Amino acid sequence: MKKTASAFLIAMSALMLASCGDINSAEDEAAAQSSSVEQTTADDASDVTDESSDEDESSQTESDDDTEIVRGIDLSNSDETNVIKVGLKGEFSSSTYIVDLCNINVLHTDLVGRFGSPIEIASDSFTKGTIVFEYDPDNMKNVPAENLILLHYNEENDFYDTVESVLREDDNTVAASITEAGVYMLADAYEWYSVWGLDVSEYSAHDNTYVDSDYGFTITVPQEVSLKYVSSYLEDDEEGQCQTLLESYSGSLQIGIEYLSRPTYSSAEEFVNAIAGGITNNGYTVQTGTLVGSGSDTGYYFYVDFSDSVDYNQYSLNCVYQINETEYINIWYGFTDEEYYAEAISSLKSFCFN
């Protein structure tokens, strides 16, 4: 009984779609972008990068200048290393410090389009400063550098304001003048503005391919989905072991990718049939079938319409690809509009073991 109950939870997890906020706030934020913080000069950005370059993760040092203080944080060992360093120079209290919030604060970590770790500047007195994010050009998640924007969390409005910034591709930095402490992060403008239905014509669409080096596979997900690598720890569960590799949403579309060890099953087909049987026993109609990925790998899927059990249309599409006799990759899509079905199927067909 535990087997079918546990398997049933995999499909039901697609019901946990999150909302992204108020569209009116997004439009207000975009309209205010042109009047945001004064643009930082390239020379200022270079100064901050140079002065904080030798600092480690816990290093918070003062500069020789009596009126300016330098702070820096090394993010090369963060949970996400797309941004490898953040430097700060300006007029603020000597107790000011910078904290990595990745996988610590859920709100900021799960932001659609986020690029690298979100950071928080904690200060009891902040007048002004220059902040510089240094990104890793070899770890861009397929995001073009020209798409990078700087966001600041506005606590009063519970939203993210775009901060006017300067991109310097010659030294892989994004810099800006700021006048307040708080939470800052880089984001992919194409994904961030797309989710609010705003004009993204000046930004580049990009290949949204998820590459997993640990389990040796790739899959292309819809452009609407923010490509965020979760890579949680391998954990024991009722039927074996599991590990979340990616979990992300964009409006009414959600995707999850997980590794599963299931010793009680001998094939992906048997595994999927057990899940489908459990869902059927709970009164839902389940469609099952096979998909052939781009590398000729066969996936076994099940598709469920949960509309009768919720107040809105809700669909779940899961597909299981087999690594060996006991290990599997499970990919699931949850969506509130059936028009996403074709996109989800196309994504699953792009799956390929390397």
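The accessible surface of this protein comes to about 15,700 Å², and 43% of that belongs to carbon and sulfur atoms. Please keep in mind as you browse that this is a predicted model. The protein has 354 residues, of which 51% count as buried. Its secondary structure consists of 7 helices and 20 strands. Among contacts between residues at least 6 apart in sequence, 60% join residues at least 24 apart.

**An open sheet**

- Let's start with a sheet of 5 strands, which is open and runs in the order E1-E2-E5-E9-E8. The pairing in this sheet is antiparallel.
- Its edge strands are E1 (69–74) and E8 (166–168), each of which pairs on one side only.
- On average, neighbouring strands of this sheet are turned by 15° against each other, with direction ignored.
- Strand E1 and strand E2 (residues 83–92) pair in the antiparallel sense over 6 bridges. Within this pairing, arginine 71 has leucine 88 of E2 as its bridge partner.
- As a reminder, strands of a sheet pair through backbone hydrogen bonds, either parallel or antiparallel.

**A hairpin to look at**

- Strand E16 (residues 286–292) pairs with E17 in the antiparallel sense, over 7 bridges.
- One place to look along this pair is valine 292, which stands opposite threonine 298 in E17.
- E16 and E17 form a hairpin, and 5 residues lie between them. In the turn you will find serine 296, with a positive phi of about 70°.

**Two buried polar side chains**

- Histidine 152 belongs to strand E6 (residues 148–154). Its relative accessible area is 7%, under the 20% cut-off, so histidine 152 counts as buried.
- What lies 3.2 Å from a polar atom of the side chain of histidine 152? The backbone oxygen of alanine 181 does.
- Leaving aside neighbours within four places in sequence, histidine 152 is in contact with Phe159, Tyr160, Asp161 and Val163, and also with Glu180, Ala181, Gly182, Val183 and Tyr184.
- Glutamine 314 sits in the loop between strand E17 (298–305) and strand E18 (315–322). With a relative accessibility of 0%, glutamine 314 is buried.
- A polar atom of the glutamine 314 side chain lies 3.4 Å from the backbone oxygen of phenylalanine 335.

**Asparagines with positive phi**

- For background, most residues other than glycine have a negative phi.
- Asparagine 103 has a phi near 60°, a positive value in a residue other than glycine. You will find asparagine 103 in the loop between strand E3 (97–100) and helix H4 (106–109).
- Is asparagine 103 buried, partly exposed or exposed? Asparagine 103 is partly exposed, because its relative accessible area of 45% falls between the 20% and 50% cut-offs.
- Asparagine 172 also has a positive phi, near 60°. The loop that holds asparagine 172 runs between E8 and strand E9 (173–178).
- Asparagine 172 has a relative accessible area of 19%, which is under 20%, so asparagine 172 counts as buried.

Terms used. Residues numbered from 1 in each chain as written. Predicted model: local features only at pLDDT ≥ 70, side-chain atom pairs only at ≥ 80, totals over all residues. Heavy atoms only, no water. Helix = DSSP H or I, 4+ residues; strand = E, 2+ residues; numbered from the N terminus. Buried < 20%, exposed > 50% of the residue type's maximum accessible area, 1.4 Å probe, protein only. Polar contact = N/O pair within 3.5 Å; in protein donor to acceptor, adjacent residues only side chain to side chain. Contact = heavy atoms within 4.5 Å. Pairing = 2+ DSSP bridges. Axes fitted to C-alpha atoms, helices over the stretch in contact; angles between N-to-C directions. Areas by Shrake-Rupley, 256 points an atom, 1.4 Å probe, with all protein chains shown as cover.
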